[in-house]
Amino acid sequence: MAVTFVTVAIILSVVFTVLMVDARDRVRASEVEQLSVAEKVFTTLEARRQQEQLAAIATVAENPTLKAALDTYFTERDFTGLPAEQEQSLRDTVTVEAEKLATLTGADVLAILDSSGRIFVSAGPLRDRWPAGEHIAIPATSTTFQDIAVLPHGAFRISGSVLGLLDRDIGALVVGTSLDANYARELSNLASADIVITVNGRVAASTAPGEVAADLVNTGTDAADTAALNGEEYAIRTLIRSGRARIYTLASIDAAARTATRDALTALATVAFGAFVLAALGSLWLAQTLTDPIDRLSGEIAMMTAARDLRRPLQPTGTSRELDSLAEAFNELVQGLTAAEADTRAAYLGAIRALAATLDARDPYTAGHSERVSALSVLIGRQMGLDAAELDVLRLGALLHDIGKIGLSDAILRKPGPLTAEEYDQLKRHPGQGARILRQVPFLAPHIPIVELHHERPDGRGYPFGLHADEIPIAARIVHVADAFDAITSARAYRPARGTTEAIAELRRCSGTEFDPASVEALEVVLPLSTTTPEPALQELLGRQLV
Amino acid sequence: MQQVRLNNFARPLMLVLGALLAVPGVYLLAQQPPAVVRGRVEIGIPINARRPTSAYPTRSVPAPKLAPESERRHVVVYLRDARPQTVMPMRVAIHQLNESFTPRVVAVTVGSEVEFPNDDPIYHNVFSLSRAKNFNLGRYPKGDSRRVRFDRPGVVKVFCEIHSHMSATVMVFDHPWFAVPDEDGRFELPAVPAGDRQVTAWHERLGDTTVRLRVESGRPASADFVLPVPEK
């Protein structure tokens with residue numbers, strides 16, 4: 001699960017890093033575009049606003065009283081001169097009209113110029129900054145005009161209209177807006193951007209930070225759309241370029257992009273978080289349905305292989321059909337292997353049993369001896385509480401116990417009378433001989449002690465090693481008793497077969513010295529069973545033997 | 001807007017024939033018989049008239065013609081510093097037609113009455129703020145007319161209270177030595193007393209242009225003007 005999740009997490013992290021970098025670039029580009037569009041819109045709106053203002057000014061300039069007073073003033077002054085009283089009267093008339101128009105237009109200052117462009121009368125809150133006699137240069141191109149006028153008392157944005165009669169122009173009406181902080185603020189509110197006003201290359205008013213405005217002046221970026229000011233990138237647009245005055249709008253791209261980028265990154269982070277959660281859940285699901293069952297199966301297989309215990313089949317996982325079919329295939333394979341191994345084992349056993357039978361067959365008196373000893377040994381062993389595995393070892397060991405006699409000559413083996421000392425010595429070698437044969441076959445190793453030690457005696461007078469009671473393996477002790485019982489109850493060339501009672505008596509007599517007492521006692525218990533109800537394994541062995 | 005300014009170089013061009021013909025030893029006496037002063041007024045620079053600067057679209061009245069009938073008709077030639085005389089009143093009319101005063105410049109004697117008939121299909125309101133005659137005739141419709149009597153000499157600027165671009169000038173003289181040139185610019189000041197005289201040509205845009213001349217008994221004197229009237 002952890003591995004799956006880490007993989008998915010790494011992939012997601014890479015993807016989101018790429019997305020974030022990409023998003024940052026896109027946001028920035030879109031912000032530049034947006035600012036540029038906003039500034040264009042503002043420039044257009046501002047141009048229209050100015051046009052409307054001009055139209056309004058042209059309208060208010062059509063003031064008959066104002067024009068009449070102004071024209072009368074100059075015509076009479078030039079013709080006959082003006083008496084003070086008449087001069088004042090006409091000037092007052094013009095002033096009253098000018099004040100009315102100033103109130104109407106809401107201008108900072110409104111002036112009536114004479115035909116030479118000098119201020120005749122000024123009105124409005126800032127009238128003191130436009131004293132009479134001051135010259136204001138106005139363009140001669142059309143009846144209405146807009147410009148920036150730099151006067152001794154400050155710079156003004158001016159809009160005006162010529163005061164015309166049918167025969168001639170008699171002056172002009174000019175409305176001025178002071179290019180001060182108030183105006184910059186007003187424009188800034190309209191533009192939703194910073195405004196910087198420069199006059200003669202110096203900042204006259206600004207809503208931008210001082211360093212930025214100073215940088216703008218120093219850079220002198222009239223044409224550029226963007227410029228780096230005070231370490232930040234700005235979108236700049238020149239709103240008005242007139243003589244020595246400039247009005248710029250500027251907006252920080254970085255500041256705008258910061259907000260938008262933060263929003264975009266927040267959205268991305270949310271998505272990323274969701275993706276990680278999904279990845280975790282997905283990993284969990286994968287783990288439950290695939291990884292964990294695979295781990296469990298491979299663990300089981302490893303244990304089975306290590307223990308060479310292939311009998312128990314793998315359990316289906318129940319979570320993945322593919323895994324289940326794999327497990328099934330494995331089980332079939334194991335079954336095949338087990339069957340093959342069993343066949344091999346059976347083949348070995350058959351060969352060995354045939355060998356034992358051949359051995360028994362050499363002497364008519366001992367025919368079937370090995371099979372009977374084996375069957376009886378198993379009965380005794382079971383009675384003594386040996387487990388199934390021990391019984392298996394016992395069964396085969398008993399079957400092979402006399403295999404070493406294969407090297408004995410018929411003369412010794414079938415001698416009707418008692419053996420000479422030398423012959424007896426040869427006979428005593430058969431347990432060692434049998435062990436040597438069995439050592440050739442690895443899977444018969446467990447049976448070697450039975451074959452090698454089935455003539456040892458508790459009193460230490462047995463052969464070939466003369467071991468004492470506890471030194472002799474229990475299986476060997478059992479086979480010793482069963483072997484002796486079968487020998488007593490079988491006929492020999494030199495004597496007839498004796499009864500079981502006699503045999504038991506004989507065994508009991510020698511119990512503790514020649515025979516293991518526990519085994520003898522067990523034999524006594526199981527003997528009735530061996531005759532009445534033959535041991536199934538014995539029958540099976542016999543049956544196989546016949547085949 | 002052009003600055004109204006007198007071209008100084010124009011002055012030497014003024015033909016002052018009388019001065020050239022001056023004969024030393026001729027006395028300037030009041031009882032000496034007068035002489036006629038004739039002359040021509042030339043406009044030195046062509047004049048381009050312009051449409052009225054009205055913010056409103058023109059109503060049913062057609063726009064005034066761009067070409068003036070004659071700029072020379074906007075000139076008044078008069079004898080400067082003439083002694084007041086008893087003069088005969090005149091009857092003159094200034095029509096209000098096509099949102100303009102026609103004629104635009106008139107010269108009358110003291111005591112004259114000027115008729116202001118409204119020939120436009122719209123109201124007009126003739127008024128003046130001038131010292132020589134301050135009046136306001138109020139609104140009146142087409143076909144109506146008002147009359148104003150001018151009792152003081154001087155220049156009277158006349159306007160329309162409704163149409164701010166309309167203007168006219170009435171020059172009121174307390175002597176008979178004044179004239180408005182004809183279409184060709186010719187004028188005649190009859191019976192000017194002999195002596196050193198100044199003749200002034202007044203134009204509504206240019207103001208006064210004065211020449212000096214000597215008027216000799218019984219001999220017609222000449223006073224020609226080339227007025228450097230600026231374009232409007």
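Of the 232 residues in chain B, 40% are buried, in a model that is predicted. The secondary structure of this chain comprises two helices and 18 strands. When contacts in chain B between residues at least 6 apart in sequence are considered, 67% of them join residues that are at least 24 apart.

Strands within a sheet are held to one another by backbone hydrogen bonds, and their pairing may be parallel or antiparallel. In chain B, one open sheet is built from four strands in the order 13-2-15-16, with antiparallel pairing. Strand 13, which covers residues 178-179, and strand 16, which covers residues 207-215, are the edge strands of this sheet, each of them pairing on one side only. Within the sheet, strand 15 of chain B, formed by residues 195-203, pairs with strand 16 of chain B in the antiparallel sense, and nine bridges connect the two.

Another open sheet of chain B consists of three strands in the order 3-7-10, and here the pairing is mixed. Strand 3 (91-93) and strand 10 (145-150) of chain B lie at the edges and have a single partner strand each, so that one side of each is left without a neighbour in the sheet. From one strand to the next, the twist averages 25 degrees. Strand 7 of chain B, made up of residues 112-117, runs antiparallel to strand 10 of chain B, to which six bridges join it. In this part of the sheet, B:Phe116 is placed opposite B:Arg146, a residue of strand 10 of chain B.

The contact between the two chains draws on 29 residues from chain B and 30 residues from chain A. On the side of chain B that touches chain A, the elements that give two or more residues are strand 8 (124-129) and strand 11 (154-160) of chain B. Strand 11 of chain B supplies the largest share of this side, namely five residues. By residue type, the side of chain B that touches chain A is divided into twelve nonpolar, ten polar and seven charged residues.

Conventions: Residues are numbered from 1 along each chain as its sequence is written. Chains are lettered from A and ligands numbered from 1 in the order in which they are written. This is a predicted model: local features need pLDDT of at least 70, side-chain atom pairs count only at pLDDT 80 or more; totals for chains, interfaces and linings use all residues. Two residues are in contact if their C-beta atoms, placed from the backbone, lie within 7 Å. Ala, Val, Leu, Ile, Met, Phe, Trp, Tyr, Cys and Pro count as nonpolar, Asp, Glu, Lys and Arg as charged, and the others, Gly among them, as polar. Two strands pair if DSSP finds at least two bridges between them. Axes are lines fitted to C-alpha atoms, for helices over the stretch in contact, and angles run from 0 to 180 degrees between N-to-C directions. A residue is buried if 20 or more other C-beta atoms lie within 10 Å of its own, exposed if 12 or fewer, and partly exposed in between; C-beta atoms are placed from the backbone.
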